[in-house]
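Subject: Structure handover

Hi,

Here is the structure I promised you. Please open it first, then read my notes beside it.

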Amino acid sequence: MFVYVPNLIGYARVVLASIALAYAFEDVPFALGAYFLSFVCDELDGRFARMFDQCSEFGKLLDMVTDRLATAGLLMVLSAKFPEWFFTCLALLLLDIASHWLQMYTSVLASRKSHKEVAANANIILRLYYTNRIFMGVCCVSAEVLYLCALALSDTDAAAVRGMASFADVLPETLVLSVPIGFLKRFVPTVTLVLNHRASLATQVAALMLPGFLIKQWANVAQLLASCAALAEHDAPKRKRK
């Protein structure tokens, strides 16, 4: 099992993600390439697991843990490069880990085959996220690519790559991102993105990824709340017996 093809790809993911994080402060273009290859491997391991009939519980856990830790590492790097976004990165990191850990734990309690199984009455976004591979893929890719765009913007050379006219034509001239709740403005700075023909490619791509990224965070919140509700339902019969 430890040398199943998908698990070998999983080990390669760990190595590539580690290399990317190790070079994130020294050679951003190299780090971007290594992290992107790690992300590509994330798509390949599942395909090869099904192709060779080599699905395993070890492989599933390796995949999920690598996902969580790679994203957590990238968010930690971004929080160091952009100190004003520290609390935002921290919140995203905690939400990602907590929601997936609770989802996995409740799946084990309910004796489900996978943490991707959701109830029929679950939040519509959560149902789409776990039942439609394309929808899930768009959300996950959007979040990871947006983080990589932020990493690219931390590097002078990568940030200097000019955007594409085709992107500028479908994007607004400027995009102002601001949270509507007053006290949150302390933790989530307002940012204005210039997306015209003078914009960098990283800024344009980040703007295109923003909808999928926001839906991904919505799904994480829905997953967290649904898992808490499932835990409460699991405990309810015990309370009644008492």
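Let's start in helix 2, where Glu-43 and Arg-47 sit four residues apart, about one turn of the helix. Keep in mind that this is a predicted model. An α-helix has 3.6 residues a turn, so residues three or four places apart point the same way. The side chains of Glu-43 and Arg-47 meet in a salt bridge, at 2.5 Å from N to O. Are these two residues buried, exposed or in between? Glu-43 is partly exposed, at 35% relative accessibility. Arg-47 is also partly exposed, at 48%.

**Salt bridges**

How many salt bridges does a search of the whole structure find? The count is seven. Side chains of opposite charge can pair when their charged atoms come close.

Arg-13 pairs with Asp-42, with the closest N and O atoms 3.1 Å apart. Arg-13 belongs to helix 1 (residues 5-22) and Asp-42 to helix 2 (residues 28-51), so this bridge ties together parts 29 residues apart in sequence. Why does Arg-13 count as buried? Its relative accessibility is 3%, and the cut-off for buried is under 20%.

Now look at Asp-96 and Arg-68. Their closest N and O atoms are 2.8 Å apart, which makes another salt bridge. Asp-96 is in helix 4 (residues 86-109) and Arg-68 is in helix 3 (residues 57-81), so the pair links parts 28 residues apart in sequence. Both Asp-96 and Arg-68 are buried. There is also a network: salt bridges with shared partners join Arg-13, Asp-42, Asp-63 and Asp-67.

**Helix 1 and helix 2**

Helix 1 has 18 residues, which should span 26 Å at 1.5 Å a residue; its end C-alpha atoms are 26 Å apart, so the two values agree. Its buried residues include Pro-6, Ile-9, Gly-10, Arg-13 and Leu-16. What do the buried residues of helix 1 pack against? They pack against helix 2 and helix 3.

Helix 2 has 24 residues. From first C-alpha to last it reaches 35 Å, close to the 34 Å expected at 1.5 Å a residue. Among its buried residues are Val-28, Leu-32, Tyr-35, Phe-39, Cys-41 and Asp-45. The cover over the buried residues of helix 2 includes helix 1, helix 3 and helix 6.

Check both ends of helix 2 too. Asp-27 caps the N-terminal end, with a side-chain oxygen 3.2 Å from the backbone nitrogen of Phe-30. Just after the helix, Asp-53 takes a positive phi of about 55°.

In soluble globular proteins, nonpolar side chains tend to be buried together. Here the largest nonpolar core has 31 residues, and Tyr-147, Leu-151 and Phe-213 have the most contacts inside it. Which helices each supply at least two residues of this core? They are helix 1, helix 2, helix 3, helix 4, helix 6 (133-153) and helix 9 (201-241). Helix 6 gives the most, with seven residues.

Click on Leu-151. Setting aside residues up to four places away in sequence, Leu-151 touches Ala-24, Val-28, Leu-32, Leu-74, Val-77, Leu-78 and Lys-81. A second core is separate and has nine residues, including Ile-125, Leu-126, Met-136 and Ala-219.

Thr-88 is in helix 4. It counts as buried at 15% relative accessibility. Beyond residues up to four places away in sequence, Thr-88 touches Phe-187, Val-188 and Pro-189.

Asn-220 is in helix 9. Its relative accessible area is 1%, so it is buried. Leaving aside neighbours within four places in sequence, which residues does Asn-220 contact? They are Leu-95, Asp-96, Ser-99 and His-100.

**Cysteines**

How many disulfides does the structure hold? There are zero. Take Cys-55: the nearest cysteine sulfur is that of Cys-41, 17 Å away. Cys-228 is partly exposed, with a relative accessible area of 40%.

Best wishes

Notes: Residues numbered from 1 in each chain as written. Predicted model: local features only at pLDDT ≥ 70, side-chain atom pairs only at ≥ 80, totals over all residues. Heavy atoms only, no water. Salt bridge = Lys/Arg side-chain N within 4 Å of Asp/Glu carboxyl O. Buried < 20%, exposed > 50% of the residue type's maximum accessible area, 1.4 Å probe, protein only. Core = buried A, V, L, I, M, F, W, Y, C linked by side-chain atoms within 4.5 Å. Contact = heavy atoms within 4.5 Å. Expected span 1.5 Å × (residues − 1). Disulfide = S-S within 2.5 Å. Polar contact = N/O pair within 3.5 Å; in protein donor to acceptor, adjacent residues only side chain to side chain.
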